[in-house]
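Reader: I would like a close look at a single part of this model. Please keep it brisk.

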Amino acid sequence: MPGAKLPAAEIESVASLNLWTITVAVVLLLLAADLVLSRGSHEVRMREAVGWSVFYLLLPVGFGAYLWGVFGPTTALEFFTGYAVEKALSVDNLFVFMLLLSAFAVPAALARQVLLYGIIGALVLRAIFIALGAAALRSGTWAFLLFGVILMITAGKILRDALGGHKQEIDVSGMRSVRLLRRFVAVTGDYRGSRLIVREKGRLALTPLALAAAAVFTTDIVFAVDSVPAVYGVTSDPFLVFATNAFALLGLRALYFVLQSALTKLRHLNHGLSIILAFIGLKLILHWAHGIWTWVPQIPTLASLGVIVAVLTTVTITSLSAGRRAVGRAPVRTDGPAEPRLTDGPVGRAPGEAEAQ
């Protein structure tokens, strides 16, 4: 059967054990540096955020150049295409993070610490999902079909919400992670600097910062379900899948502070993401079908990169154009996201008062 040999070929990796070790060590080193720099609390200034953003953009460019020189243009092209997909999806992550930080009323000086916890959680979850994806590919070509269907369904939901004018809201009291933590652990009524756990009236209590970090980690699970299959649609090399995720996530925190005011202006971003996910889903389904019926065409990586760049450029232009038209029609009106609902949130009680269990 033509597709019988496909799984073994598709999970071959360009990376040796040494390259895996060095890459993971660099990622851990950068995270450790971030943790050290995040100790204490201070508000991130634009100059600082731009500097780190430039650094984290040059990092994957240099890594891609290395891949090009050592493994050739095909490997480098797969990396850059996967990175473009991950970076586009990460902007959507940032929008949800912005809503969470607002819903939990996280002080500006503590925002970068919450984001760092979220990024660490996302990396851990992506690593788990990448391993599961590789295992699925080893078990049979059906994994390509499954990933394709997942992305198609996700694309349809995103597009339906976008066309329906659905505004994302965060209801703190409705989040399962928050309800579970508040059921078993006391929660302080105010933030205690950068501390996650404090001793309150003789017993340990979580701070709202801990709840915010837990909520961000929970949303990471949802993003990992979409993100990992999307990159496997570009390359089936687990090393490249991990590298694209790692490089996209490492620069996420700095990018948040650079794009914070611009995120709400990208009103057509979800339209573009739905097109990209549907396109990659179709690519995966065609790839699965090609393994069974060789006459079924496949979409080359270079064409995928062209489509992704074209879609992102188009939605950026149309979003900015729509924003200018909206300002011209109603200067006092903003079309940003609705104010998050802070229903029964963790803050608002008297300072120092722990929540009764």
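Which residues is Y232 in contact with, leaving aside its neighbours within four places in sequence?

Author: This is a predicted model, where local features need pLDDT of at least 70, side-chain atom pairs count only at pLDDT 80 or more, and totals for chains, interfaces and linings use all residues. Residues are numbered from 1 along each chain as its sequence is written, and side-chain values use heavy atoms, with hydrogens and water left out.

Beyond those neighbours, Y232 is in contact (heavy atoms within 4.5 Å) with I130, G133, A134, L137, F147, P238, V241 and L284. Another core lies apart, with twelve residues, including F63, Y83, L240 and A248. A nonpolar core here is a set of buried Ala, Val, Leu, Ile, Met, Phe, Trp, Tyr and Cys residues joined through side-chain atoms within 4.5 Å. Buried means under 20% relative accessible area, exposed over 50%, partly exposed in between (1.4 Å probe, protein chains only).

Y232 itself belongs to the largest nonpolar core, which has 77 residues. Y232, F104 and V106 touch the most other members. Helix α4 (residues 73–103) gives the most to this core: 13 residues. Helices are DSSP runs (H or I, at least four residues), numbered from the N terminus.

Now to L30. L30 sits in helix α2 (residues 17–37). L30 is buried, at a relative accessible area of 15%. Not counting residues up to four places away in sequence, L30 touches F55, Y56, L59 and L250. L30 and L250 are 220 residues apart in sequence, yet 8.0 Å apart in space, C-alpha to C-alpha.

Note on methods: Helix = DSSP H or I, 4+ residues; strand = E, 2+ residues; numbered from the N terminus.
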